[in-house]
Amino acid sequence: MTEFDNLKRSYISAIQWGLTARVGYNESKQGNEVLHKFCENLIDNSNQLPTEKTIMKNELELIKEALSKEIESFYRK
């Protein structure tokens, strides 16, 4: 398991835990944004090649969008 895979898993788990704990809709959406930016900053500060960073950030964007849809579905928005 790579560090990036662990980062993605932790990001997803944190948002899903928030849904399970029934935090509010706005807090879930804000949490998704904050965690996404946090993960992007970790990637930016990593020792990866620029092309690898771009690939990882694109994957994070897809995860963010999927989690956003999951949040909206959970709260029926």
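Trainee: Does Glu40 count as buried or exposed?

Mentor: Glu40 counts as buried, because its relative accessibility is 16% and the cut-off for that class is under 20%. Please keep in mind that this is a predicted model.

Trainee: Where does Glu40 lie?

Mentor: Glu40 is part of helix H2.

Trainee: And which residues is Glu40 in contact with, leaving aside its neighbours within four places in sequence?

Mentor: With those neighbours set aside, Glu40 is in contact with Lys57 and Leu60.

Trainee: Let me step back to the whole chain. How many helices and strands are there in the protein?

Mentor: The protein has three helices and zero strands. Read from the N terminus, the order of elements is α-α-α.

Trainee: What does the C-alpha trace span along its principal axes?

Mentor: The span of the C-alpha trace is about 40 × 20 × 15 Å.

Trainee: What percentage of the residues count as buried?

Mentor: The protein has 77 residues, and 27% of them count as buried.

Trainee: Of the contacts between residues at least 6 apart in sequence, what percentage join residues at least 24 apart?

Mentor: Within that set of contacts, 70% join residues at least 24 apart in sequence.

Trainee: Now the helix packing. At what angle do the axes of H2 and H3 cross?

Mentor: The axes of H2, residues 25–44, and H3, residues 50–74, cross at roughly 170° and come within 10 Å. H2 and H3 are therefore roughly antiparallel to each other, because angles over 145 degrees fall in that class.

Trainee: Which residues in H2 and H3 meet?

Mentor: On the H2 side, the residues include Tyr25, Asn32, His36, Glu40 and Ile43. On the H3 side, they include Lys53, Lys57, Leu60, Leu67 and Ile71. By class, the contact of H2 with H3 holds nine charged, seven nonpolar and four polar residues.

Trainee: What about H1 and H3: at what angle do they pack?

Mentor: Helix H1, residues 3–20, packs with H3 at an angle of about 15°, and the two axes are 11 Å apart. That makes H1 roughly parallel to H3. The crossing of H1 with H3 is right-handed.

Trainee: And which residues in H1 and H3 meet there?

Mentor: H1 contributes Phe4, Lys8, Tyr11, Ile12, Ile15, Gln16 and Leu19. The partners in H3 include Met56, Leu60, Ile63, Leu67 and Phe74. This contact of H1 with H3 divides into eleven nonpolar, one polar and four charged residues.

Trainee: Changing topic: how many aromatic pairs does a search of the whole structure find?

Mentor: The search finds two aromatic pairs. One of them joins Tyr25 and Tyr75, which are edge-to-face at 5.8 Å centre to centre, with 80° between the planes. This pair links distant parts of the chain: Tyr25 is in helix H2, Tyr75 is in the segment after H3, and the two are 50 residues apart.

Trainee: What about the rings of Phe74 and Tyr75?

Mentor: Their centres are 5.0 Å apart and their planes stand at 80°, so the pair of Phe74 and Tyr75 is edge-to-face.

Trainee: At what relative accessibility does Tyr25 stand?

Mentor: Tyr25 is at 22% and counts as partly exposed. Tyr75 is also at 22% and counts as partly exposed. Phe74 is partly exposed too, with a relative accessible area of 30%.

Trainee: Turning to the backbone, what is the phi of Arg22?

Mentor: Arg22 has a positive phi of about 60°, although it is not a glycine.

Trainee: Where is Arg22 found?

Mentor: Arg22 is in the loop between H1 and H2. With a relative accessible area of 63%, Arg22 is exposed.

Note on methods
Residues numbered from 1 in each chain as written. Predicted model: local features only at pLDDT ≥ 70, side-chain atom pairs only at ≥ 80, totals over all residues. Heavy atoms only, no water. Axes fitted to C-alpha atoms, helices over the stretch in contact; angles between N-to-C directions. Helix = DSSP H or I, 4+ residues; strand = E, 2+ residues; numbered from the N terminus. Parallel < 35°, antiparallel > 145°, perpendicular 65-115°, else oblique. Contact = heavy atoms within 4.5 Å. Nonpolar A, V, L, I, M, F, W, Y, C, P; charged D, E, K, R; others polar. Phe/Tyr/Trp six-rings, centres within 6.5 Å; stacked < 30°, edge-to-face > 60°. Buried < 20%, exposed > 50% of the residue type's maximum accessible area, 1.4 Å probe, protein only. Left-handed = near helix turned anticlockwise from the far one by under 90°.
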